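Dear colleague,

Please find the structure below, followed by a summary of what was found in it.

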Amino acid sequence: MDARMTRERHEDILTPERLAAANIHPETWLATDYLNHFNEAIMLLEMVPAMPDCAEDVLEWKSKTYAQHFEDSGFQEKELAIAAYQLADPDVRAQFEDMVADFDACMSAMQTLLRNGDPSTPDVQAMISQVLEQDMKPIVSRTNGIIHAGAAPDSSDTSDAQAGIDRLFD
């Protein structure tokens, strides 16, 4: 059975009003609550320059799928969020998942940097700040745009994130 038929079959349950009441975008069927997972990683990285011991927390951070995030959260409508995501437009979901993959790649690069470098050195701290500002925060912003039915990212967005990762290892 194709995804569109499945989505249409469930539109009577996943109404725009019910989705909006649960803080799930009624057009994309995605919830911004997932971005809390990204924001946690960003917050941990931002703490490293002032408290290099926080590098251990960064190293412990694990990527989570959309469903894992909601399963582990206290989000009141977690089952609705997971169901809506599974039935979301495949093109929107693919754009969203591309951004998640870009974020995860940046975070993995940051973890490698912290594993192999001294988080108290100015060079490592500068790299963290640079990747946060030029790559990770913009990825979160673009992901938020996807969730809110904003303009889809163009192909340069992905290459920009990859360029930031490549800079870490030059």
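At what angle do helix H3 and helix H7 pack, and how far apart are their axes? H3 (residues 35–47) and H7 (residues 90–116) pack at about 25°, with axes 12 Å apart. Helices here are DSSP runs of H or I, at least four residues, numbered from the N terminus; axes are lines fitted to C-alpha atoms over the stretch in contact, and angles run from 0 to 180 degrees between N-to-C directions.

This is a predicted model, in which local features need pLDDT of at least 70 and side-chain atom pairs count only at pLDDT 80 or more, while totals for chains, interfaces and linings use all residues. Residues are numbered from 1 along each chain as its sequence is written, and side-chain values use heavy atoms, leaving out hydrogens and water.

H3 and H7 are therefore roughly parallel (angles under 35 degrees). In their contact (heavy atoms within 4.5 Å), Phe38, Ala41, Ile42 and Leu45 of H3 meet Val100, Phe103, Met107, Met110 and Leu114 of H7.

H7 also packs with H8, at an angle of about 165° and with axes 10 Å apart. That makes H7 roughly antiparallel to H8 (angles over 145 degrees). Among the H7 residues that meet H8 are Phe103, Met107, Met110 and Leu114.

H8 itself (residues 122–147) has 26 residues, which at 1.5 Å a residue should span 38 Å; its end C-alpha atoms are 36 Å apart, which agrees. The expected span is 1.5 Å times one less than the number of residues. After H8 comes Ala149, with a positive phi near 60°.

Yours sincerely

Methods
Helices (H or I, at least four residues) and strands (E, at least two) are DSSP runs, numbered from the N terminus. Angles under 35 degrees count as roughly parallel, over 145 as roughly antiparallel, 65 to 115 as roughly perpendicular and the rest as oblique.
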